[in-house]
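Here is a guided walk through a protein model, one part at a time. Keep the structure open beside you and follow along.

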Amino acid sequence: MARALALARLAIGLSEPNPRVGCVIVSADGSQLLGEGHTQQAGGPHAEVMALRDVAQRGNSATGATAYVTLEPCSHHGRTPPCCDALVQAGVSRVIASIADPNPLVSGAGFARLRAAGVQVETGEGAQASRELNLGFFSRMVRRTPWVRLKIAASLDGQTALANGASQWITSEPARADGHAWRARATAVLTGIGTVLEDNPRLDVRLAETKRQPTLVVVDSRLQLPPDAKLFMPGRALLVYHATPDRDARHTALEAAGAQLVCLPGQGGKVDLAAMLQDLARREVNELHVEAGHQLNGSLLREGLVDELLAYLAPKLLGPGRPMAAFGPLDDLGDALALTFTSVEPIGADLRVVARVTGRDRF
């Protein structure tokens, strides 16, 4: 199962919106590796099929074999045929799966079909690791919202920019490259119009290896996005959430530039951020990577929409500037947003802190 989980990690940045799954097929007595594989791009083969192909390419047979797979084999016709049927047809006699698929179209049905065909099924080994690897997929299936990760680069005193807005670069090149790797694993990258107008960023993956560029999402209540912004890239999906229902020249220009506009007005002429997350889930976004300014960061945190913080802290003090997030002020320390550190690691000269909003992963 450890090998199957390692293979599943190779699907990061590749399998979206499908879960990251690995499969290892061994002989009945466990003494021989027969084949292995992981999930490919959407519409491509799943882990079980890749492993069965590897079995054939090695000149082996899966008859009577045991398959270790990190997620329940699918049982429905989606972009591909059911994997449980492929395992049965190949003659696999035993399937050891980490965890049930949270997808209502699959959950438990894959195991039931395997057992009905006489295949022995066991579950539980590697369950926590598989769920963590696919936390975005589980979030979308169970909560109907993506897993929201807020990325911040700041000084040790918590400033993301000087008072005049200068922010490039607070952190080191290794930290920026690591941030690109986190971008690559996300289904979509979100920013706000303030960041676009100030920095004109590309927000693509350039400093890490990837086989796909994440969808780009912009929160732009008044449709101020310039049609010539660097965010517009050939072949890359760009969603713009706004709050201006009456069509005018701005709508036409942005659509002509390649943006897809989604009107979700909320209070005060702002975008309804909670509704936006629900819409992104319907568009099969598993992990949403947020790189925005302190205003949008504050709104997301204030509305309880952030699941995890990815913070790079530079060994610098900037004094008064722009904070990580504009929310509060709080009247009582008991009202503070409680976080749980999941990792603290040096990245180059900087420190990477991954902290989860306490309780947000209990679903």
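Predicted model: local features only at pLDDT ≥ 70, side-chain atom pairs only at ≥ 80, totals over all residues.

Let's start with a pair of strands: E1 (residues 22-26) and E3 (residues 66-69) run antiparallel and are joined by 4 bridges.

Now widen the view. That pair belongs to an open sheet of 5 strands, ordered E2-E1-E3-E4-E5, with mixed pairing. At the edges stand E2 (33-38) and E5 (120-123); each has a single partner strand, so one side of each is left without a neighbour in the sheet. From one strand to the next, the twist averages 15°.

Helices come next. Helix H2 (residues 47-57) packs on this sheet and touches E1, E2 and E3. The direction of H2 makes about 145° with that of E2. Then there is helix H4 (residues 109-116), which lies across E4 (94-97) and E5 and runs at about 150° to E5.

Time to step back and look at the whole chain. The protein is divided into domain 1, covering 1-133, and domain 2, covering 144-357. Their C-alpha centres lie 35 Å apart. Where they meet, 11 residues of domain 1 are in contact with 11 residues of domain 2. Between them the two domains bury about 860 Å², with 40% of that on carbon and sulfur atoms. On the domain 1 side, Gly13, Glu16 and Pro17 lose the most area to domain 2, and together they make up 48% of what that side buries.

What about polar links between the domains? The count is 6 residue pairs in polar contact between domain 1 and domain 2, and 2 salt bridges are found across the interface.

On to another sheet. This one is open too, and 9 strands form it, in the order E11-E10-E9-E8-E12-E6-E13-E16-E15, again with mixed pairing. Here E11 (260-263) and E15 (339-347) take the edge positions; each has a single partner strand, so one side of each is left without a neighbour in the sheet. Ignoring direction, neighbouring strands of this sheet are turned by 20° against each other on average.

Within that sheet, pick out E13 (residues 308-314) and E16 (residues 350-357), which pair in the antiparallel sense over 6 bridges. Alanine 311 has valine 353 in E16 as its bridge partner.

Most residues other than glycine have a negative phi, and most peptide bonds are trans. You'll find tryptophan 169 in the loop between strand E7 (159-162) and helix H7 (173-185). Another cis peptide bond joins glycine 328 and proline 329, with omega about 0°; proline 329 sits in the loop between strand E14 (321-323) and E15. Finally, arginine 144 has a positive phi, near 65°, although it is not a glycine. Look for arginine 144 in the loop between helix H6 (135-142) and strand E6 (147-155).

How values were computed. Residues numbered from 1 in each chain as written. Heavy atoms only, no water. Pairing = 2+ DSSP bridges. Helix = DSSP H or I, 4+ residues; strand = E, 2+ residues; numbered from the N terminus. Axes fitted to C-alpha atoms, helices over the stretch in contact; angles between N-to-C directions. Contact = heavy atoms within 4.5 Å. Domains from an automatic or database assignment. Buried area = accessible area lost by both parts, 1.4 Å probe. Salt bridge = Lys/Arg side-chain N within 4 Å of Asp/Glu carboxyl O. Polar contact = N/O pair within 3.5 Å; in protein donor to acceptor, adjacent residues only side chain to side chain.
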